[in-house]
Amino acid sequence: MLYLYAFVRESAEVPDATGVGGAPVTFVALGAVAAVVAEVDGALEATDENVLAHAHVVDALAAVNDAVLPVRFGRGFRDRDDLEAAVLRLDGELKDRLAEVSGCVEIGLHVAAPAQPAQPVGSGRDYMEHRLRDLARADALAADIHAPLAERARAATRSRSVGTTALLRAAYLVPAADVHAFRGAVDEAQRRYGELSFACTGPWPPYSFAVLEREGAAA
Amino acid sequence: MTDTIDRLLLAGGDLETLARDLEGTRSALPRRIEADPENVERGLAQLVLTLIELLRQLMERQALRRMEAGNLDDEQIERLGETFMKLEQRMQELTEHFGLDQRDLNLNLGPLGDLL
């Protein structure tokens with residue numbers, strides 16, 4: 001099986017890295033883009049060791065190239081034809097996406113609200129109205145935090161939460177040179193919303209802005 | 001692990017809540033039921049309660065949407081509200097009974113986001 005780590009430009013540099021299961025990492029040119037792959041036997045188990053090995057290969061690629069579209073752990077193709085067919089389906093989108101992430105890193109943000117003690121409510125209608133208000137408040141708060149940060153980023157994605165405790169899980173695509181300023185903006189939001197818990201992580205390779213990710217999200 | 005710590009740019013507030021929230025990202029990976037004799041009951045309870053919680057949340061969302069759209073009469077709102085209230089209480093009792101935490105019932109719903 002051809003195990004896929006990332007897409008890069010055809011001119012990219014591939015560091016000498018050993019990937020998941022000790023299989024050497026190679027480079028398959030597919031027109032203007034190239035796939036960074038390794039030949040492995042069968043499906044790989046999602047153990048901590050394997051997932052970290054995957055991340056190390058992607059990190060090593062991102063360290064020496066300015067445009068890397070990482071693929072999340074576990075994406076394999078039967079053979080080269082299968083991989084080429086998948087790339088063909090993406091119809092040039094890979095090239096645009098590589099241009100988009102060029103010079104950028106991903107910054108992750110988690111915002112959590114304190115768990116609210118169940119409020120004593122009387123009637124069924126009270127309960128329903130409480131829930132509606134809680135959800136509307138959580139939505140508005142998440143949007144207030146997210147919007148100014150998304151404006152500073154080249155692109156942003158936000159995962160929806162069905163509940164009210166995990167308020168916001170978002171990823172921002174930020175030019176590497178602006179990471180410090182972006183962190184400052186998060187710090188400002190943290191100070192404004194003192195009752196909420198913030199965790200800002202990064203810089204990561206732009207996993208949330210990779211093309212297969214979007215394809216999956218649309219499915 | 002050092003990589004992970006190096007990549008915390010900023011954190012503030014209740015770090016305990018956040019640590020558990022981040023731990024929840026593990027749910028993106030396939031989970032296993034703990035099948036050794038001491039844990040099998042808890043593992044199964046976690047699986048079953050997670051599914052019930054998913055259904056409960058989806059039904060509640062649907063009901064709230066219908067209520068907002070004005071598609072429910074007073075009696076229906078009252079009955080649905082009471083049902084969801086009782087279900088929530090019962091879920092809390094069951095979760096505690098099996099020594100689980102609300103977060104143990106979280107599910108990554110892919111493009112739909114997280115359950116909790």
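**Figure 1. Strand β8 of chain A pairs with strands β6 and β7 in this predicted model.** Strand β6 (residues 104–112) of chain A runs antiparallel to β8(A), and nine bridges link the two. Strand β8(A) itself spans residues 166–175. Eight of its 10 residues are buried, so the strand is largely enclosed by the rest of the structure.

**Figure 2. Helix α5 of chain A has a buried side and an exposed face.** The helix covers residues 179–192, 14 residues in total. From first C-alpha to last, α5(A) reaches 20 Å, close to the 20 Å expected at 1.5 Å a residue. Its buried residues are A:F182, A:V186, A:A189 and A:Q190. These residues cover an arc of only 105 degrees around the axis, which puts them on the same side of α5(A). The face turned away from that buried side carries the exposed residues A:H180, A:A181, A:E188, A:R191 and A:R192. What covers the buried residues of α5(A)? The cover includes β6, α4 (124–152), β8 and β9 (197–204) of chain A. Strand β1 (8–12) of chain B is part of the cover too.

**Figure 3. Domain 1 of chain A touches domain 2 of chain A.** Domain 1 takes in residues 2–102 of chain A, and domain 2 takes in 104–208. Their C-alpha centres lie 30 Å apart. Nine residues of domain 1 are in contact with seven residues of domain 2. On the domain 1 side, the elements that give two or more residues are α1 (48–64), β4 (68–70) and α3 (93–101) of chain A. The largest share, three residues, comes from α1(A). By class, this side of domain 1 has five nonpolar, one polar and three charged residues.

**Figure 4. Helix α3 of chain A also has buried and exposed residues, and A:G103 follows the helix.** A:L94, A:R97, A:L98 and A:V101 are buried in α3(A). They cover an arc of only 105 degrees around the axis, which puts them on the same side of the helix. A:D96 and A:A99 are exposed on the other side of α3(A). After the helix comes A:G103, with a positive phi near 75 degrees. Most residues other than glycine have a negative phi.

**Figure 5. A:A210 sits in a loop of chain A and is buried.** The loop lies between β9 and α6 (211–218) of chain A. Why does A:A210 count as buried? There are 24 other C-beta atoms within 10 Å of its own, and a residue is buried if that count is 20 or more. Leaving aside neighbours within four places in sequence, A:A210 is in contact with A:L69, A:P70 and A:V71. A:A210 and A:D16 are 194 residues apart in sequence. In space, C-alpha to C-alpha, A:A210 and A:D16 are 23 Å apart.

**Figure 6. A cis peptide bond joins A:G202 and A:P203.** Omega is about -5 degrees at this bond. A:P203 has its place in strand β9 of chain A. Most peptide bonds are trans.

**Figure 7. Chains A and B each hold helices and strands, here set out chain by chain.** The secondary structure of chain A comes to six helices and nine strands. Its C-alpha atoms fill a box of roughly 65 × 40 × 35 Å along the principal axes. Of the 219 residues in chain A, 37% are buried. Among chain A contacts between residues at least 6 apart in sequence, 73% join residues at least 24 apart. Chain B has four helices and one strand. Along the sequence, chain B follows the pattern α-β-α-α-α. Of the 116 residues in chain B, 16% are buried. Among chain B contacts with a separation of 6 or more, 57% involve residues 24 or more positions apart.

Methods: Residues numbered from 1 in each chain as written. Chains lettered and ligands numbered in written order. Predicted model: local features only at pLDDT ≥ 70, side-chain atom pairs only at ≥ 80, totals over all residues. Buried ≥ 20, exposed ≤ 12 C-beta atoms within 10 Å, placed from the backbone. Pairing = 2+ DSSP bridges. Domains from an automatic or database assignment. Contact = placed C-beta atoms within 7 Å. Nonpolar A, V, L, I, M, F, W, Y, C, P; charged D, E, K, R; others polar. Expected span 1.5 Å × (residues − 1). Arc of directions from axis to C-beta.
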